[in-house]
Amino acid sequence: MSSPITKKQLNNLSEMIREWPIEEKLKWSSICEQAEGILGYIPTRQALSKKPILVNAYKIRKSEIKSRLDTLVSVPSPKSMPAAIEQIVRLKQENERLKAELNLMAETAQRFIYNASLHGLSKDKLMKPLPKINREK
């Protein structure tokens with residue numbers, strides 16, 4: 001006969017569901033089988049699906065897996081290996097260019113802050129929000 005599920009076991013089961021591999025299909029029967037390692041017996045689907053914490057973890061993980069698969073399906077895949085290599089190289093170059101631009105912007109911002117502090121502007125004055133535009137005029 002099965003024993004009642006403790007709070008610690010529930011937390012372990014919900015953590016197991018949250019970390020369910022994306023490649024593996026998430027089903028209650030699979031969860032029940034995996035729960036044997038935590039509970040010491042294979043529970044029924046009904047026993048687990050009565051627990052709100054497990055149902056929430058199941059729904060969230062199921063939607064994460066579905067959205068991940070939808071995203072992967074929507075991404076166009078290259079037709080050949082050379083096309084894939086070319087795409088990777090182009091994306092790496094774009095990534096490096098964007099990092100360089102970001103560094104330049106950060107350097108410019110630092111220069112503005114330094115020069116403003118030399119002329120008596122505080123950080124609070126620099127970070128003051130823009131005034132609202134009155135369009136009624």
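The legends below describe several close-up views of one predicted model. Because this is a predicted model, local features need pLDDT of at least 70 and side-chain atom pairs count only at pLDDT 80 or more, while totals for chains, interfaces and linings use all residues. Residues are numbered from 1 along each chain as its sequence is written, and side-chain values use heavy atoms, with hydrogens and water left out.

**View 1**
Helix α4 covers residues 52–74; helices here are DSSP runs of H or I with at least four residues, numbered from the N terminus. Within α4, the buried residues are L54, V55, A57, Y58, R61 and I65, where buried means under 20% relative accessible area, exposed means over 50% and partly exposed lies in between, with a 1.4 Å probe and protein chains only. These buried residues pack against α1 (7–18), α2 (28–39) and α3 (45–49), and a contact here means heavy atoms within 4.5 Å.

**View 1. The largest nonpolar core.**
A nonpolar core is a set of buried Ala, Val, Leu, Ile, Met, Phe, Trp, Tyr and Cys residues joined through side-chain atoms within 4.5 Å. The largest such core has 19 residues, and those that touch the most other members are I5, L13, I17, W28, I31, L48 and L54. Helices α1, α2 and α4 are the elements that give two or more residues to this core. In soluble globular proteins, nonpolar side chains tend to be buried together. Looking at I17 in particular, and not counting residues up to four places away in sequence, one finds that I17 touches I31, L54, A57, Y58 and R61.

**View 2. Serine 14 in helix α1.**
S14 is found in helix α1, and because its relative accessibility is 1%, S14 counts as buried. When residues up to four places away in sequence are not counted, S14 touches I53, L54 and A57.

**View 3. The stacked rings of W28 and Y58.**
A search of the whole structure finds 1 aromatic pair, and that pair is formed by W28 and Y58, which are stacked with 4.6 Å centre to centre and 25° between the planes. W28 lies in helix α2 and Y58 in helix α4, so the pair ties together parts that are 30 residues apart in sequence. Rings of Phe, Tyr and Trp (its six-membered ring) are said to pair if their centres lie within 6.5 Å, and planes under 30 degrees apart count as stacked, over 60 as edge-to-face and the rest as tilted. Both residues are buried, W28 at 14% relative accessibility and Y58 with a relative accessible area of 15%.

**View 4. The surroundings of R61.**
R61 lies in helix α4, and at 12% relative accessibility R61 counts as buried. The side chain of R61 reaches the backbone oxygen of W20 at 2.3 Å, and a polar contact of 2.9 Å joins the side chains of R61 and E64. A polar contact is a pair of N or O atoms within 3.5 Å; within protein, one must be able to donate a hydrogen and the other to accept it, and residues adjacent in sequence count only if both atoms are side-chain atoms. With neighbours within four places in sequence left aside, R61 is in contact with I17, R18, E19, W20, P21, I22 and L26.

R18 is partly exposed at 41% relative accessible area, and E15 is partly exposed at 34%. Another salt bridge links D70 with K66, the closest N and O atoms being 3.3 Å apart; D70 is partly exposed at 43%, whereas K66 is exposed at 53%.

Note on methods. The expected span of a helix is 1.5 Å times one less than its number of residues. A salt bridge is a side-chain nitrogen of Lys or Arg within 4 Å of a carboxyl oxygen of Asp or Glu.
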